[in-house]
Structure formats: C-alpha cells, structure tokens
Amino acid sequence: MNDCVVGRMDAAVLSECESQPALEYGILTVRDMHCGGCVRKLEQALQGRVEAFSPSVATRSLELGWNPACTNRRELLRIVRSAGFTPDWLQDAGDTLFARRQEMARIAVSCLLTMQVMMLAVPSYFGGVEAELATFLGAAQWFLATPVVFYGGLPFLTGALRSIRSGHPTMDLPVGVAILLAWGASSWNLLQGSGDLYFESASMFVSLLSLGRWFEGRGRAAAAARIQQLLNSHSGRARMLQGAGIVEVPLQQIRVGDRLLVSPGESLPVDGWLDAALATVSEAVLHGESRPVARTRGMEMPAGVINVGQQDFVVCATRVGHETTLAAIARLAHHALSQRPRFVEITDRYAGWFVVAVLLLSAAGYGYWTLMGHSGAFSIALAILVASCPCALSLATPVALAASAGRLAKQGILVADTGMLVRAHVVDTVLFDKTGTLTQESMRLQHTVTDSVDPAWARRLAAGLERSSRHPIAQAFVHVLDPLGVQGVRQMPDGVTGTHDGSAYRLAGLQGDRLPEGWAAPEPSACTWVGLFECGENPVLLAAFGLSATLHDSAPDAVAALADRAPELVSGDAEAPTAHIAQQLGIARWSARCTASEKVRRVQTLQQQGRCVAVIGDGINDAACLAAADVSVAMGQGAALAQSSAGIILLRGDPAQLPALFVESERVHRRIRQNLGWAIGYNVVAFSAAAGGLVVPWVAALGMSLSSLLVVLNAIRRPRTA
C-alpha cells in the first residue's frame, strides 16, 4: 500500500469501476487440447463469443470470460464440442471422473490386447514359420490389433482428423498417421499374403503413447487440482439474516451488504467483514496454513475460510460471486498456468511447421531407403514418423512451471505470472513497501491529544466515522467502545467525512505529520498523526490521534534472508516512523514521504543502472510501482488480490514466505534447462537412429513415451530439501 495515511480510493473511481459490464468467468477442461494447434483452433471457434480467453496446455484447460447477456455456459460447451473437442466445466467433477474411467478403460484394453499381439508376432521374428501358420497368426494379430487401433487409439485418430479439418497440424497428426499406416499396410499385406506385418508396432504405438499421456496427465492434474479445490471449497447455498429470521438462498442471490450466518464446520461463500466479537477460522484452502486463526469484529474474512470455532458468527458481505478473494485466486492460478514464456510461444507458433517437417522427413526417409533397395524402408519411415515428434520438447517448460507453481501454492504463494517466477532468481535489489508489507495491516491507537474536547468523545466520533471502512487507519478504532452514530459517511481521497448531530466532521492526516504549535505533544515517538476536524469555512482541529504500526513478527528474518539482494525501504509515511522501521530491520537505505510516482522513478533509476528489481508491496496503491518492477510481489489481502498488478502474491501476507520464492525460482530455472537439454538431445539422437534404420517402430514409440515421461517426472519430483 502507499503508506501515506490519507491514501483512500476515490469514490468516483469506485463508481466508474462499478459501471463496467460484469463478465462471468469459468474454467473449461479440454482433455484433448495437447498443443498450440489445438489452442489456435479453439480460439478461432470462440472468437466473438468470449471477452477473455486464457488457454493452459499445462492443465488442458481454458479460462473464459463472457458477457452473460450474450451467451451462456451451455452455448460455450456446444461451440467447443462442434470444434471437435471434449469439454467439461471444471466444477463438473462427475463428468471428469467418467472421462477418466473411459481413458483408463482404453489403456487397459490396449495394453491387454497388445501383449497378446506381441506374443503372436514373436515367431515371425525368427523366421521358418509355415505359410498356413503365418497366415493364421497374422489374422489373429489383425483381430486383436484392430480394437487397439480404433478404440484405444481413438483420441489420437480424432485429434489427427481434427487437425486436418482445421488446417492446423497438431502433434496428434504424425501419431495418427503412423498408427493408420502401420495398421493399413499390415492389413493389405495380410490380404496379399506377402510382406511384413506391423500390427505389434501399431498396438505398441497406441499403448505406449496412451500410457505416456496418462502419466503426463497425472503431473498436469496436480496443478489443476489446486484450482478445482478452490472452486469447490463451499456449497452452492448460504444462510442469510433477513429481518428477524434466517433464510437459505443460492449464492447467486447474495448481494454486497447482506449479512450471512456461518455455523461451525461451514465455509464462508463471500468476502466480508466480521460482525461478531470473535471468530476462529481455518484458512487452509486459501494458502495451506492449517492452524486456526482468530478474527475480531471488523476484520476482513475472505471467501473459503471455515468456521472451526464452537459458535456461529455473522459476516457482512463486501465482495460476492466472481469478485471474491477465492474466485480471484482461482483465476490467477489458472492465469499463471496459461502463461507461456517466449520459447513456448515460439514453439506453439511453429508447431504446425514442426509437424509438417516430421511428415516430410518420414516421406524423405522412405524415398531414400526405397531408392537404396532397402527392404525395411516402410519400417524406417514409421520409426522416423514417431521418433521425430517433438512431444518432450513441447512439455519441457510448461510442465516444469506448472509443477513449480503448484509447489508454491501449497506454501501459500500464488504465481500469477510465471515469467516473473523464472526471473526472480536473478533479482539483485529488493524494494519493500512499509505498511501492510513489513508491518501489520492494521494500525494501533497510541496517543489521543485534544485541545478543548473530551478525548473519549473524540475517539468515539472517530470510530463512528471509520466504522464502515476497511482501511488500516480504521482498524485502529475497531476496539473503541460505543462508537457515535455518524450519517452520510463518505470515503474521500484525503480521508473520511460524515455528519453527527448536525455538524460535519472529517478524519484526515495532519499536514507535515506533526501537531500544531501550542498542542501538548507526547514524547517523541515514531507515530503517524491523524486529525479530527470540524468542517466549515475554516476547519477546526478538535483532536489528534497518534497511530503506530506494529512490525510483522517474521519481517526481521525475511529481510535478513534477503540481505544479499540489497533490501531497500520506500515509504509514503513520515520520516520518523519510516526511519524507526528501517532501523529495527537493519535496512541501511530508506526513503520517506514517497509518492506513487516517486516510487516508480526509483525503480526505473535502478533498472537504468542495470539492476534487476523486485518490489514487495500490498498491491492496491502500489500498483504502478509493482507494474514497473522486474518482479512484483503483493501481500494477499482481499482487495489487493482482486486488483493487484503483481505477478506473485503471498496469500498469507507473511514476509517469511519471500525466501522460499527465490529458492523455488532457482530450482525451476535449473529444471527447465535440464528438460530442454534432454528433450533437444533426445530428438537429435532419436531422429538419427530412426533415419539410419537402427530402431524398429515400436522401439521409437517407446523412446518417445519415455522421453516425455522423463521430462514430466523431472518437473514434478520433490526437492531434496522439501
């Protein structure tokens, strides 16, 4: 947050935001979306029907945003199905489970029948089989291999057909062509009574590639499971206080300002502030922290928290539906998985050319060995077709990033921009915001100084003015007993105003952050001063409140862990509190009274000096500074999360999470290099071996599957120091 205590969101800005047409969001799983060609076809099919389109090949899913007045979920499903894909909304767990059972049935049938085909093919490897027996064995292979090809291999064949129809070649095309060529040529040779049979190769293609994709899917599912857990963390109904009674309503009917009752064991379906003295909740679904936390009246409660106390509590809704913290986390999690680094974008852009090149190389290999009079030219062409498919290369980066984002999510760190995750390991300068970042979000009332009014009355009036606000200043007055009634409360850019007993009052920061001359100031302290004014032609200062920020418990250790990255404090607060915090944390360089533009200039100055800069803020008023940084990290308060310009969000709002972020960045960078090195090396060696006639087709299929599997396993393997 901009630490300047008078920094509030302008009501005009809020009004402008509320006038924007609200989009409905949903995440669609597309199990047969395997590469950039599939993405391009889906994008063309949905063009004009959706306002937001974020594909994630890593989890085979799409995040869509659409105008509900123009289309609906059923229509979007129809469009995707008409494009030749098999979609399900992520929440539809039953459909997904059915699809997984179908996939497992195909794999089981394929593997079982493939073993029988291999047994029948073994005698032909040694020769000397009588013609009648050879024909019988060939017919038996055809009988067993045909279901494998057309049932077990259906996903590959439909994917190949879809890519031909759309004119966008995908990775399924060379695989589908290889399967059909092997089965078709073998069937023809069987009818002719001469020539080699490749039924075992066709069956092995299907079985090995199906198993490989299943294992890949398990790695992808680990990343997608986090999103589904968030979306399914509460039921579709809630209990609302209405008059003197309680009514159960669908979540779609809840509006901002409604008061909801949450019983023990239930989860909160909306964001809101606690309208009860005390509540004990679990926030594990949001950031993995399983220990219960206590919340007191007026504190923010994000959607998804579970009441683990013994009593009911009431929450007043502040954000509902797709605007809640939970929905924002799900969207940001999916957005992270849809991020494609430059290498992946280039690969996807030229995926079609890669596929065409594989087909041409296979044809060229067949032509060359045929001219050379080699009897196994067709077998070599099949091996080239399968071995050259760059599946492992296309998986190397996105799966590593998805796995890394999943590991961080379990620690309460949400990666919204995977590019920043990769880049974080080279950061050499870290700029910290103060309030809400290194200090607790809420401030504490330290001093009350008045000239002629009762101090208790002044505190009660200030509490009445701040009663509906969630600003850190407002939290300083939460515990004031019996707040005065204030009408017409308005949040202004420089404070808050309202009327009590016919007089207008304003609570705002004092000019120069110091008391006027003649006022009895307390001993020098690192306080931020806020004044209570009676409005009029010449506003009169009635009272001044000294507020202090409490240092976050983990801030000293977090700053010490980043000492080698030149930590710096940039704050909009006054010099005294800023210097006090910097001294407590051992930060040598600090700046006070920084405006948002001055913070941006500081980031740009460091970047011009060749530094890689990370900014750690709370994501609301620091949006411009976060956007300018090479790596931006925001604290996970609800409003900040929904509006954040940061690429990485600490959901617990705990500085202790920062060292883990930089460690994971180094790890994922290392694993991406390992995966790319292996994938490129494998493709070069595999193509050379296949083109030289050194491997048979089914061995090429095995090598391709194992290569892809190795890339996935390397990406998802647990770190040694986990």
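Colleague: Where does E664 lie?
Modeller: E664 is in helix α23, which covers residues 658-691. Keep in mind that this is a predicted model.

Colleague: Is E664 buried or exposed?
Modeller: Buried. Its relative accessible area is 1%, and the cut-off for buried is under 20%.

Colleague: What does E664 touch?
Modeller: S404, R407 and L408. That leaves out residues up to four places away in sequence.

Colleague: Let's zoom out. How many helices and strands are in the protein chain?
Modeller: The chain has 24 helices and 26 strands.

Colleague: And how much of the chain counts as buried?
Modeller: 52% of the 722 residues.

Colleague: Now the rings. How many aromatic pairs are there?
Modeller: The count is 7 aromatic pairs, with ring centres within 6.5 Å as the rule.

Colleague: Why is the pair of Y198 and F378 called tilted?
Modeller: The planes of Y198 and F378 meet at 45°, so the pair is tilted. The ring centres are 5.3 Å apart.

Colleague: Is Y198 buried or exposed?
Modeller: Y198 is buried, at 8% relative accessibility.

Colleague: Which residues form a cluster with ring pairs?
Modeller: Y198, Y366 and F378 are linked that way.

Colleague: How are the rings of F477 and F545 arranged?
Modeller: Edge-to-face, because their planes are at 85°, and the cut-off for that label is over 60 degrees. The centres of the F477 and F545 rings are 5.2 Å apart.

Colleague: Which parts does that pair tie together?
Modeller: F477 is in the loop between α17 (472-475) and β17 (487-492). F545 is in strand β21, residues 540-551. So the pair ties together parts 68 residues apart in sequence.

Colleague: Are F477 and F545 buried or exposed?
Modeller: F477 is buried, with a relative accessible area of 2%. F545 is buried too, at 0%.

Colleague: Which ring has R106 over its face?
Modeller: The ring of Y151. R106 is 5.4 Å from the ring centre.

Colleague: And what about R506?
Modeller: Its charged end sits over the ring of F533, 5.0 Å from the centre.

Colleague: Switching to sheets. In what order do the 6 strands of the open sheet run?
Modeller: The order is β6-β5-β7-β13-β8-β11, and the pairing is antiparallel.

Colleague: Which strands stand at the edges?
Modeller: β6 (245-250) and β11 (300-301). Each has a single partner strand, so one side of each is left without a neighbour in the sheet.

Colleague: What holds paired strands in a sheet?
Modeller: Strands pair through backbone hydrogen bonds.

Colleague: How many bridges do β5 and β7 have?
Modeller: β5 (237-242) and β7 (259-262) pair over 2 bridges, in the antiparallel sense. R239 has L261 in β7 as its bridge partner.

Colleague: And β7 with β13?
Modeller: That pairing has 4 bridges, also antiparallel. Strand β13 covers residues 313-319. There, the partner of L260 is V315.

Colleague: Now cysteines. How many disulfides are there?
Modeller: A search of the whole structure finds 0.

Colleague: Is C70 buried or exposed?
Modeller: Exposed, with a relative accessible area of 59%.

Colleague: Last one. Where is H500?
Modeller: H500 is in strand β18, residues 495-500. H500 is buried, at 10% relative accessibility.

Colleague: What lies 2.8 Å from a polar atom of the H500 side chain?
Modeller: The backbone oxygen of G485. Residues that H500 touches include W457, L461 and Y505.

Technical notes. Residues numbered from 1 in each chain as written. Predicted model: local features only at pLDDT ≥ 70, side-chain atom pairs only at ≥ 80, totals over all residues. Heavy atoms only, no water. Phe/Tyr/Trp six-rings, centres within 6.5 Å; stacked < 30°, edge-to-face > 60°. Buried < 20%, exposed > 50% of the residue type's maximum accessible area, 1.4 Å probe, protein only. Lys NZ or Arg CZ within 6 Å of the ring centre and 35° of its normal. Pairing = 2+ DSSP bridges. Disulfide = S-S within 2.5 Å. Polar contact = N/O pair within 3.5 Å; in protein donor to acceptor, adjacent residues only side chain to side chain. Contact = heavy atoms within 4.5 Å.
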